[in-house]
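Work through the exercises below with the sequence and the model open. Try each task before you read its solution.

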Amino acid sequence: MSSRPPLLSAFRFALLPLALTTAVLASSVFAAPGPLTLWYRTPGEASVTNGLPVGNGRLGALVAGTVATDQLAVSEQTVWSGGPFDFDNPAALTTLPEVRRLLFAGDYARAHSLIGRNLVCKWDLADRRNFGSYQVLAFLDLAFDAHTAEPADYRRELDLATATVRVSYRLGDTTFTREVFASAPDQILAVRLSADRPGALSLLASLSRPREPDAVADAKTIATRTDTPRLAAEGTDGHSLRVRLNRNAEPDGLRLVARLRAVPSGGTITATDAGLRIEKADSVILYVDGATDFRGRDPEADTAARLAAALVKPFPKLQADQVADHRKLFDRVALDLGSSPVSALPIPERLAAVKAGQPDPALAALYFQFGRYLLISSSRPGGLPANLQGLWVDNLRPPWQSDYHTNINIQMNYWLAQTTNLAECAEPLADFIDTLVEPGSRTARVHYDTPGWTVHAMTNVWGYTSPGSSAHWGLFPMAGPWLAQHLFEHHDFAASPDPAFLRRHWPALRGAAEFILGWLVEDPATGKLVSGPSNSPENRFTAPDGTATSFCMGPSMDQQIADDFLGRFVAAAALVGQDADLAARAASARARLRATGIGSDGRLMEWAGEFKENDPAHRHVSHLFALHPGRAITPGGTPELARAARLTLEGRGDGGTGWSLAWKVNFWARLRDGDRAHALLLNLFNPVSARTTSMRHGGGSYPNLFCAHPPMQIDGNFGGAAGIAEMLLQSHETLPVSQVSSLRPQVSSSAPQVSGLSSQVSASAPQVSALSPQAFILDLLPALPSAWPTGAVKGLRARGGFLVDIEWRDGRLVRATLTSTTGQACRVRYRDTTVDLKLAPGASHIFTPTSTP
């Protein structure tokens, strides 16, 4: 292996904490703000716009850090109201042929009316309750005695490197400190309260939860309903909360159990139904756990066992295990973009400074690592995927039920997983896709009489796959193939070329291909295959007959998804040795797809025709799927389409909601325009008040750096981090492996060298559709902005199973170290220079501009 570049070595030394002893871990000493710290001079709120998040993938909390009475909003990923319910609508199938006929004939008015009435789910108020909502597990309430004075030296921080929130303040001559973390190894939430004066801690610690806000007859009825939380003392040091969640307005949903245990050092503790009364303690450790009976689990036994195990484990060991587990994932990638004087300020002041035009490249690096932190904290193997708010919620009715929106949002949640070296964190998405196959197959049959499976614009943990209640946003049948694209991505990045992952998820992949082939129909005017009826997510146009509508045959996004998926399915079928006949049909259908057109204004067409846009600056830019996250449009391979994509983005503008800004960062990175991508990133940093919940305000970042749609949606955090990675490294383009197959594997590469073929400027356009036997092109610094002239990144992942470290200075590459985990061939590209490599598994190659002829 090669030695680490000097700049990156120095950066890593400064960035990562020194090896911490358990004594130091258990202490509450604040260090100076580092590059991986979000810090504040004032308390926050237990809200998704202000609280600081911790999480272990299953259990999490938002930490407010208020002084006299603190409240932590605790979340657990299975806390969902509602339940399984049949939302499929048989009227859709009887209407479908007529709708298609009308759309092909140009009668948009009648088609629009039929679609709005029939190509939707069965949905009324009771059905909405069955769909359910993600909800807060409970609140951990802390009421401190004698904390009424104004605190001095207040500080609140989230340390991304240790996944710990710390709060410190002074009252009189006593300094109080709190530490909060969520342990993945021990699956509990831990809160350590301490003071530097003996006996200074007196407080009431308790659990609470609001009940469902449905109206009931009287107070007596409320008291007897099982959806009214039941609080109880448990032994001498425990407090518990139990509730039955609602389903169809009745409390017959999931059973929820939350438990609190306290271990004081010094002083006394008394347990009552109101909570745990702690008097004159030196310090207190609180342990919280919660669970439901989702998928047959026993929340009583599970929470009791986890808390019992945590209580017998020394706290320094518990905390050290938590930090070590977190850092196994987090420390894989380091990023240094430089800093400025404002980089040492608290987050709200940094956001304000950037908006005022002051440079802060370290904020981009922090935002990148914050996105990785959030994925580690909200999505771990064996659990559910991150939802619209990741893991964190602060009430019973979050926006859009905090569900899984499948017309971009859950997909965006996982764009960073592979590139930023967190492949394990994407496993919940792959497993979740598998759970949609059975209900989605029923929806495909009932609504469209097609084989395979589908999902539309949203889903939940209960397997909802029907269209939405409004076809304008809810009729999006190609969401399933878009989701399944992530399975191909996982294989492309995998550290092993073994197709076992594809075989494990083959029913989902096969079913998505079957659905596309059954859903496509021939356009009688052209003979081409088109999807439809469908929308371009959430957007509208005015048809030639004057109808304001969302529906046509063959919207560009649908066509691009079909092209991408079918091409990759053909290659995957050959790789796994299955479904050759289906793959042949897929290849034939792909060749007949109607291509995305370029309008008279030079922009890509969003719909079947060159229709009038009702909202030219719409937040969705769905017809650029082929640019990102697809791979069919590239500046080098399809320059005309790339120019049309650029004009499309110019027309949409640089505004939008938070996640829309994040998507545009990725678009501009794919167009190799680093400065424009950086401008969109700065827009994503636009400070938004914690009280702002209306999307009319425009997107940006809340005080806790959560993405402001508004309201809060975590997809923008993940999409923004993915965009930063795309600016530094891309690997979506491919070329036939035969062009590099003559290379002999390099066993080692201790000195810079070029193997096999001479460096060259590629004369042929890259290929874009297949898995193996394609070789990926690793594009170094494809969209480096002038705002980051010097920097270094370590540990990014590229397709083909490569780890990549890059160092640059004065806007030019200094060196890149590429390590192969699979032995696959690749082409490395920096500007106009390319070199072809085939490294043995585990071998590295140092690429420098000066080492290449």
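Buried means under 20% relative accessible area, exposed over 50%, and partly exposed in between, with a 1.4 Å probe and protein chains only. This is a predicted model: local features need pLDDT of at least 70, side-chain atom pairs count only at pLDDT 80 or more, and totals for chains, interfaces and linings use all residues. Residues are numbered from 1 along each chain as its sequence is written, and side-chain values use heavy atoms, with hydrogens and water left out.

**Exercise 1. The whole chain**

Task: State what share of the 853 residues is buried, and how many helices and strands there are.

Solution. Start with burial: 63% of the 853 residues of the protein count as buried. Next, the secondary structure: there are 23 helices and 37 strands. Helices (H or I, at least four residues) and strands (E, at least two) are DSSP runs, numbered from the N terminus. Last, the contacts, where contact means heavy atoms within 4.5 Å. Take the contacts with a separation of 6 or more: 70% of them join residues 24 or more positions apart.

**Exercise 2. Helix H20**

Task: Then find which of its residues are buried.

Now the buried residues: Ala-642, Ala-644, Ala-645, Thr-648, Leu-649 and Arg-652. They cover an arc of only 160° around the axis, so they sit on the same side of H20. The arc is that of the directions from the helix axis to the C-beta atoms. Exposed Glu-640 and Arg-643 are on the face turned away from that buried side.

What covers the buried residues? The cover includes strand S26 (612-613) and helix H21 (658-670).

**Exercise 3. Two partners of H17**

Task: Describe how helix H15 and helix H13 each pack with helix H17.

Solution. Axes are lines fitted to C-alpha atoms, for helices over the stretch in contact, and angles run from 0 to 180 degrees between N-to-C directions. Angles under 35 degrees count as roughly parallel, over 145 as roughly antiparallel, 65 to 115 as roughly perpendicular and the rest as oblique. A crossing is left-handed if the near helix is turned anticlockwise from the far one by less than a right angle, and right-handed if clockwise.

Take H15 (residues 479-493) with H17 (residues 506-519). Their axes are 10 Å apart, at an angle of about 140°. The two helices are therefore oblique to each other. H15 passes H17 in a left-handed crossing. Pro-481, Ala-484, Leu-487 and Phe-488 of H15 meet Ala-508, Leu-509, Ala-512 and Ile-516 of H17.

Take H13 (residues 427-448) next. The axes of H13 and H17 come within 10 Å and cross at roughly 20°. That makes H13 roughly parallel to H17. This crossing of H13 and H17 is left-handed. On H13, the contact uses Ile-433, Asp-434, Val-437, Ala-444 and Tyr-448; on H17, Ala-508, Phe-515 and Trp-519.

**Exercise 4. H10 against H23**

Task: Classify the packing of helix H10 (residues 361-378) and helix H23 (residues 715-728).

Solution. The axes of H10 and H23 come within 8 Å and cross at roughly 125°. H10 is therefore oblique to H23. Residues of H10 in the contact include Tyr-367, Phe-368, Phe-370 and Leu-374; those of H23 include Asn-717, Phe-718 and Ile-724. The crossing of H10 and H23 is left-handed.

**Exercise 5. Single residues**

Task: Are Gln-411 and Ala-143 buried, exposed or partly exposed?

Solution. Gln-411 lies in helix H11 (residues 409-413). At 0% relative accessibility, Gln-411 counts as buried. Leaving aside neighbours within four places in sequence, Gln-411 is in contact with His-405, Thr-406, Ala-479, Trp-482, Leu-483 and His-486.

Ala-143 is in strand S5 (residues 138-144). At 30% relative accessibility, Ala-143 counts as partly exposed. Ala-143 and Gln-71 are 72 residues apart in sequence, and their C-alpha atoms are 8.7 Å apart.
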